[in-house]
Amino acid sequence: MVRGRISRLSVRDVRFPTSLEGHGSDAMHTDPDYSAAYVVIETDAEDGLKGCGITFTLGKGTEVDWSREGRGAPGDSSHPKCSVGLVGQAGGKACLEVTRGHEEQMLAQGYPAYTTSCAWLGYSDDTLKQLCTQALKDGWIRFKVKVGADLQDDERRCQLIRDVIGPEKTLMMDANQRWDVPEAVEWMSKLAKFKPLWIEEPTSPDDILGHATISKALVPLGIGVATGEQCHNRVLFKQLLQAKALQFLQIDSCRLGSVNENLSVLLMAKKFEIPVCPHAGGVGLCELVQHLILFDYISVSASLKNRMCEYVDHLHEHFKYPVMVQRASYMPPKDAGYSTEMKEESVKKHQYPDGEVWKKLLAAQEN
């Protein structure tokens with residue numbers, strides 16, 4: 001039964017000035033403004049049914065995605081979505097009991113998360129130490145640091161973080177595609193003393209064999225390769241898995257072609273027994289990906305071994321149904337839908353370039 005037909009589609013350029021305080025900065029993107037092409041599809045249904053979608057960008061990229069969405073052209077974006085329900089699991093009583101047990105575990109304990117909020121590359125040492133110290137007090141045990149711009153600076157910052165969090169806490173590193181293959185191996189060989197669990201995006205995301213070479217070289221050092229946030233379809237993930245080019249697979253809820261493509265990658269990761277540790281943060285990525293990790297655990301992987309989901313603690317206040325994190329874990333959402341709807345007040349205020357925030361900032365820049 002059709003509840004309604006599409007009556008209107010709107011696309012808006014929403015940008016947050018995160019560059020002012022160094023939020024989101026890394027070796028590849030030194031001053032990003034976390035942004036989104038925000039899409040709303042309205043219908044003529046009596047109950048006001050509508051769908052909301054987000055394409056996360058770093059600012060100017062919104063103009064490209066805005067053009068694609070406006071033309072209805074395909075792109076590496078999260079196309080407009082309405083509510084998404086979990087796929088039912090077929091099987092007998094034992095299967096149903098396992099699923100119910102996993103659901104109860106998620107409701108009680110949540111899905112393990114790690115924080116990237118403490119160690120953006122643009123943060124000062126004092127800020128880094130302060131945020132890491134506070135994160136420890138808040139119960140975080142998994143931390144990620146950005147690396148890749150300067151080796152000596154990386155060594156200094158990683159030592160600083162280890163001094164704060166101690167030798168037993170989990171530390172990951174993220175180079176944001178900054179290196180070529182030999183450079184990645186050499187650089188990480190020197191950072192191995194800080195005992196990182198993985199190096200994320202050590203080289204171009206399209207270089208399957210390059211990742212395989214890096215992976216082979218770093219395994220003896222106890223360092224895994226994590227990648228996938230820039231991979232835009234299941235074929236790239238298939239090749240990464242076949243080539244044994246990664247130890248941690250990172251889907252992105254916006255980069256892949258919406259929910260179905262993400263689900264196909266979850267199934268492949270299960271077949272290859274590779275843990276999925278999604279990329280999140282950005283604008284709304286935590287809100288979206290929470291649904292995928294819950295589905296993965298309850299209906300696909302049935303395991304939390306070596307699994308965790310990225311968390312960044314800013315911009316959630318702009319969403320109508322923000323993600324809930326307690327005790328360093330994602331708690332299951334209590335509202336129906338895909339959690340993509342933004343607050344209209346936030347959209348108006350941060351719309352580029354005519355929103356209140358940008359009018360003031362652009363005027364200040366001109367003066």
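Okay, let's start with arginine 15, which sits over the face of tyrosine 352, 3.8 Å from the ring centre. By "over" I mean NZ of Lys or CZ of Arg within 6 Å of the ring centre and within 35 degrees of the ring normal.

Quick housekeeping: this is a predicted model, so local features need pLDDT of at least 70 and side-chain atom pairs pLDDT 80 or more, while totals for chains, interfaces and linings use all residues. Residues are numbered from 1 along each chain as its sequence is written, and side-chain values use heavy atoms, with hydrogens and water left out.

Now, the rings. How many aromatic pairs does the structure hold? Eight. Rings of Phe, Tyr and Trp (its six-membered ring) pair if their centres lie within 6.5 Å; planes under 30 degrees apart are stacked, over 60 edge-to-face, and the rest tilted.

Take tyrosine 114 and tryptophan 198: the centres are 5.6 Å apart and the planes at 80°, so that's edge-to-face. Tyrosine 114 is in strand β4 and tryptophan 198 in strand β7, so the pair ties together parts 84 residues apart in sequence. Strands, by the way, are DSSP runs (E, at least two residues), numbered from the N terminus.

Tryptophan 198 also pairs with phenylalanine 248, centres 5.0 Å apart and planes at 50°, so this pair is tilted. Phenylalanine 248 is in strand β9, 50 residues from tryptophan 198.

Elsewhere, ring pairs link Tyr34, Phe56 and Trp120 into a cluster.

Terms used: Helices (H or I, at least four residues) and strands (E, at least two) are DSSP runs, numbered from the N terminus.
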